[in-house]
Amino acid sequence: MKQITAILKPFKLEEVREALAECGVTGLTVTEVKGFGRQKGHTELYRGAEYVVDFLPKVKVEVVVKTSDVDRCVEAIIKSARTGKIGDGKIFITSVERVVRIRTGEQDESAV
């Protein structure tokens, strides 16, 4: 099993959720986060004063899938989250050693 963690622009969340649902993903975790990459924030004006916004609002989407489903899910995320502009985000894929469903005690792939 693999965990896919995607950092993306907040307005793309619904499109990504729908794309993952089409891939058969039944559950995901979403966290509102702030960060920056190459874009390094931006400058804004507030009441005539200019200030730098270092950390931009992003959304972190986490899902655990079977290893055989990883490529399909990653492609769905890329397709639905891409705007073609800087700051589209990143996808991280990590191995998951064990999963346990608390309610039933199911383990590993049956718990996903």
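**Two helices**

I started with helix H1 (residues 13–22) and helix H2 (residues 70–81), which pack at an angle of about 150° with their axes 9 Å apart. Before going on, I noted that this is a predicted model, where local features need pLDDT of at least 70, side-chain atom pairs count only at pLDDT 80 or more, and totals for chains, interfaces and linings use all residues. I also noted that residues are numbered from 1 along each chain as its sequence is written, and that side-chain values use heavy atoms, with hydrogens and water left out.

That angle makes H1 roughly antiparallel to H2 (the label is for angles over 145 degrees, on a scale from 0 to 180 degrees between N-to-C directions, with axes fitted to C-alpha atoms, for helices over the stretch in contact). My labels H and E are DSSP runs numbered from the N terminus: helices (H or I) have at least four residues and strands at least two.

Which residues in H1 meet H2? I found Glu 15, Val 16, Ala 19 and Leu 20 on the H1 side, and Cys 73, Ala 76, Ile 77, Ser 80 and Ala 81 on the H2 side. The residues of this contact split into 7 nonpolar, 1 polar and 1 charged (Ala, Val, Leu, Ile, Met, Phe, Trp, Tyr, Cys and Pro count as nonpolar, Asp, Glu, Lys and Arg as charged, and the others, Gly among them, as polar).

**The sheet**

Next I looked at the open sheet of 4 strands, which has the order E2-E5-E1-E6 and antiparallel pairing (two strands pair if DSSP finds at least two bridges between them). Its edge strands are E2 (29–35) and E6 (89–95), each pairing on one side only. On average, neighbouring strands are turned by 20° against each other, direction ignored.

I then checked E1 (residues 2–8) and E5 (residues 56–65), which pair over 7 bridges in the antiparallel sense. H1 lies across E1, E2 and E5, at about 10° to E5. H2 packs on the sheet too, touching E1, E5 and E6, and its direction makes about 5° with that of E1.

**Two lysines**

Is Lys 9 buried or exposed? Lys 9, in the loop between E1 and H1, counts as buried because its relative accessibility is 16% (buried means under 20% relative accessible area, exposed over 50%, partly exposed in between, with a 1.4 Å probe and protein chains only). Leaving aside neighbours within four places in sequence, its contacts (heavy atoms within 4.5 Å) include Lys 58 and Asp 88.

Lys 79, in helix H2, is exposed at 74%.

Note on methods:
Angles under 35 degrees count as roughly parallel, over 145 as roughly antiparallel, 65 to 115 as roughly perpendicular and the rest as oblique.
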